[in-house]
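Hi everyone, thanks for coming. Have a look at the screen, and then I'll walk you through a few residues.

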Amino acid sequence: MLICSRNCPGPSSLSILALQVIPLNSINLENSQIYLSSDSQLHMDPNVSVQNPEKKEQSSVCVGREDDIKKSGRMTAVVHDREVVIFYHKGEYHAMDIRCYHSGGPLHLGEIEDFDGRSCIVCPWHKYKITLATGEGLYQSINPKDPSAKPKWCSKGLKQRIHTVTVDNGNIYVTLSKETFKCDSDFYATGDFKVIQSS
């Protein structure tokens with residue numbers, strides 16, 4: 001029997017709930033609204049929040065203050081176990097995976113330069129150029145059949161996962177990308193490639 005701890009008004013003070021039968025050993029009650037009392041009855045506690053693991057990955061995380069990133073131009077953070085670098089460049093915020101898609105280089109140590117009118121982070125290891133706004137890898141190419149051709153900037157496509165940055169009341173928040181496509185930088189975003197040391 002479920003008894004609502006809100007003391008809902010009704011004929012018998014019981015709330016009618018739709019339940020799905022779940023084996024008890026698969027329930028994590030650590031952050032649950034439902035608890036088992038000493039009289040073996042399940043109770044709901046409306047004051048406890050439930051964290052849905054799928055929603056957790058998409059929730060915003062405060063990573064710092066706006067004043068701090070404006071001074072330094074960049075900061076690093078861990079958002080839901082994913083390391084990201086946040087840049088402040090030309091009045092805009094950009095966040096991406098901290099490791100370069102090519103070979104795992106530390107992008108937070110790279111320089112920002114403009115190529116073909118697009119702001120890019122240049123990986124300090126192999127000089128790969130990644131646009132801050134879209135995560136595209138850029139390269140220069142020429143037409144080998146035209147000896148007088150000038151090199152032009154081309155895109156390799158989306159290579160680096162980009163995340164959303166929002167500012168609220170002076171705080172910087174990062175929301176991880178909800179895009180389902182596989183990005184080359186995903187390989188270095190997990191596992192043994194962590195660069196931010198936790199204390």
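Let's start with Arg65, which is partly exposed, with a relative accessible area of 37%. For that term, buried means under 20% relative accessible area, exposed means over 50%, and partly exposed is in between, using a 1.4 Å probe and protein chains only.

Quick housekeeping: this is a predicted model, where local features need pLDDT of at least 70 and side-chain atom pairs count only at pLDDT 80 or more, while totals for chains, interfaces and linings use all residues. Residues are numbered from 1 along each chain as its sequence is written, and side-chain values use heavy atoms, leaving out hydrogens and water.

Okay, where does Arg65 sit? You'll find Arg65 in strand β4, residues 61–65. (Strands are DSSP runs of E, at least two residues, numbered from the N terminus.)

And which residues does Arg65 touch? Leaving aside residues up to four places away in sequence, they are Asn169, Gly170, Asn171 and Ile172, where contact means heavy atoms within 4.5 Å. Arg65 and Asn169 are 104 residues apart along the chain, with 9.1 Å between their C-alpha atoms. The Arg65 side chain also makes a polar contact with the Asn171 side chain, at 2.7 Å. That term means a pair of N or O atoms within 3.5 Å; within protein, one must be able to donate a hydrogen and the other to accept it, and residues adjacent in sequence count only if both atoms are side-chain atoms.

Now, Asn169 itself: this residue is in the loop between β13 (162–168) and β14 (171–175), and is exposed at 69% relative accessibility. Its phi is near 55°, a positive value in a residue other than glycine.

Methods. Helix = DSSP H or I, 4+ residues; strand = E, 2+ residues; numbered from the N terminus.
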